[in-house]
Amino acid sequence: MSYENKEEIKGTHIRLATELAFLALPEGWQELTDAFGRTLYIHAESPRRYIEVPSAMTPMGRSSGGSALTGLRNLGNTCYMNTVLQCLCNTVPLAQYFLDDAFRGHINRTNETGSVELVEAFGELLKLLWGGGTEPVSPASFKNSLGKVNLDFAGFQQQDCQEFYSCLLNGLHVGLNRALPQEDAVEPSLDHLGDAEFAREKWRLHRLRHSSVVVDYFQGQFKSTIRCQACSHQSSQCEPFFELSLPLPACAGRTEIEACLKEFEKSERLTGNESFHCSNCDCKQDAVKTITISKLPQILVIHLKRFYYSQGDVACKLTKKVEFGSNLEITEMGGGGPRSYDLYGVANHYGTPAGGHYTAYGKNAETNQWHEFNDDSVTSIRADEVCSPAAYMLFYSSIAA
Ligand SMILES: [Zn+2]
């Protein structure tokens with residue numbers, strides 16, 4: 001049995017743990033206890049290849065203790081949830097808002113979707129995670145509230161952590177939306193505006209209806225424009241986002257996060273079946289579609305589109321490594337120089353679309369030390385371990401100029 005990298009090791013390990021209930025070690029592996037009392041599995045041929053026992057297999061999970069260093073119990077396939085919760089827990093301004101009880105003044109009791117209960121359960125959980133306890137915390141009551149908002153998350157099936165993130169942020173936003181209900185007025189035509197003005201006005205109109213701490217911190221906006229190849233008529237749309245879903249460029253080997261951003265903003269020709277109905281020509285025409293980021297958020301969450309369906313409708317995963325560092329610079333539409341972001345959280349996915357495991361890496365706000373959050377275990381890791389082929393979602397916070 002050979003292992004190419006730590007990711008494969010983890011994938012195998014998890015299968016072992018679930019299928020064999022950890023009765024036997026694969027050939028070549030040996031169990032050891034390190035100086036910190038952790039159980040490690042070392043490969044005989046390469047002592048650098050090692051794995052830790054997942055917390056689910058230990059009688060009692062170990063958290064490091066300290067603010068935002070408490071583990072979360074796995075309730076049965078809930079690693080997707082724990083992973084995103086730990087990334088959000090490491091989002092300092094959001095955590096502060098809940099720890100200070102500032103959210104209590106913003107709860108939107110006019111809606112009946114259960115999002116108020118979700119907001120309160122999320123706040124309770126953040127307080128427990130920031131309480132400094134070494135005992136792992138159960139997210140059961142939080143999960144129960146989320147299941148009421150979205151039935152997809154009521155059960156214990158494996159889920160995509162990006163879909164969970166998106167659902168949670170929407171739920172929190174609805175529960176905290178301070179915007180007064182607006183009359184359904186017909187939007188004035190904005191066609192006469194230039195690109196930057198158009199996007200600014202769209203954002204202003206969006207904010208009239210959507211005003212919450214979630215929007216304040218996490219929401220950005222991108223603008224897509226379709227230009228008719230026959231008459232050059234342009235049609236633009238703006239869309240708010242809580243996360244940027246970036247495609248991975250189709251090249252061999254590793255790639256860089258900047259290349260994924262370029263791929264996202266790359267012009268796309270719409271032709272044949274995909275051609276577009278031009279309102280000026282009043283018929284289908286070939287067109288060119290471009291997407292640009294028109295507003296960057298304070299907290300930028302990037303989702304790497306690793307999962308896709310093949311032509312035979314088989315779920316597949318791209319496992320290539322995307323290189324990223326602690327700093328990211330992005331320029332939004334209209335120039336003004338690049339904006340600098342600092343990485344503080346990563347959601348990792350190991351394994352296949354059919355069966356896998358999620359863990360989070362988070363940079364602790366008090367110590368700047370990186371930790372791995374693997375359900376109920378929290379262990380420190382080196383900064384150079386943060387970028388791996390398992391990275392699936394990246395959490396960045398804007399550095400004030
Ligand atoms: Zn046209």
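1. At what angle do helix H3 (residues 92-99) and helix H4 (residues 115-129) pack? In this predicted model the angle is about 105°, and the two axes lie 9 Å apart. Axes here are lines fitted to C-alpha atoms, for helices over the stretch in contact, and angles run from 0 to 180 degrees between N-to-C directions. H3 is therefore roughly perpendicular to H4, a term used for angles of 65 to 115 degrees.

2. The H3 side of this contact consists of Ala95, Phe98 and Leu99, and the H4 side of Phe122, Gly123, Leu126 and Lys127. Two residues count as in contact if their C-beta atoms, placed from the backbone, lie within 7 Å. By class, five of these residues are nonpolar, one is polar and one is charged. Ala, Val, Leu, Ile, Met, Phe, Trp, Tyr, Cys and Pro count as nonpolar, Asp, Glu, Lys and Arg as charged, and the others, Gly among them, as polar.

3. The buried residues of H3 are Leu94, Ala95, Tyr97 and Phe98. Buried means that 20 or more other C-beta atoms, placed from the backbone, lie within 10 Å of the residue's own. Viewed down the H3 axis, these residues fall within an arc of 155°, so they line one face of the helix; the arc is that of the directions from the helix axis to the C-beta atoms. Their cover includes helix H2 (79-89), H4 and helix H8 (213-218). Just after H3, Asp101 has a positive phi of about 65°.

4. H4 also packs with helix H5 (residues 140-149): their axes come within 9 Å and cross at roughly 160°. The pair is therefore roughly antiparallel, the term for angles over 145 degrees. The contact involves Ser115, Glu117, Leu118, Ala121, Phe122 and Leu125 of H4, together with Ser141, Phe142, Ser145, Leu146, Lys148 and Val149 of H5. By class, seven nonpolar, three polar and two charged residues take part.

5. For the protein overall, there are nine helices and 21 strands. Helices (H or I, at least four residues) and strands (E, at least two) are DSSP runs, numbered from the N terminus. Of the 401 residues, 34% are buried. Among contacts between residues at least 6 apart in sequence, 67% join residues at least 24 apart.

6. Residues are numbered from 1 along each chain as its sequence is written. As the model is predicted, local features need pLDDT of at least 70 and side-chain atom pairs count only at pLDDT 80 or more, while totals for chains, interfaces and linings use all residues.

Conventions: Buried ≥ 20, exposed ≤ 12 C-beta atoms within 10 Å, placed from the backbone. Parallel < 35°, antiparallel > 145°, perpendicular 65-115°, else oblique.
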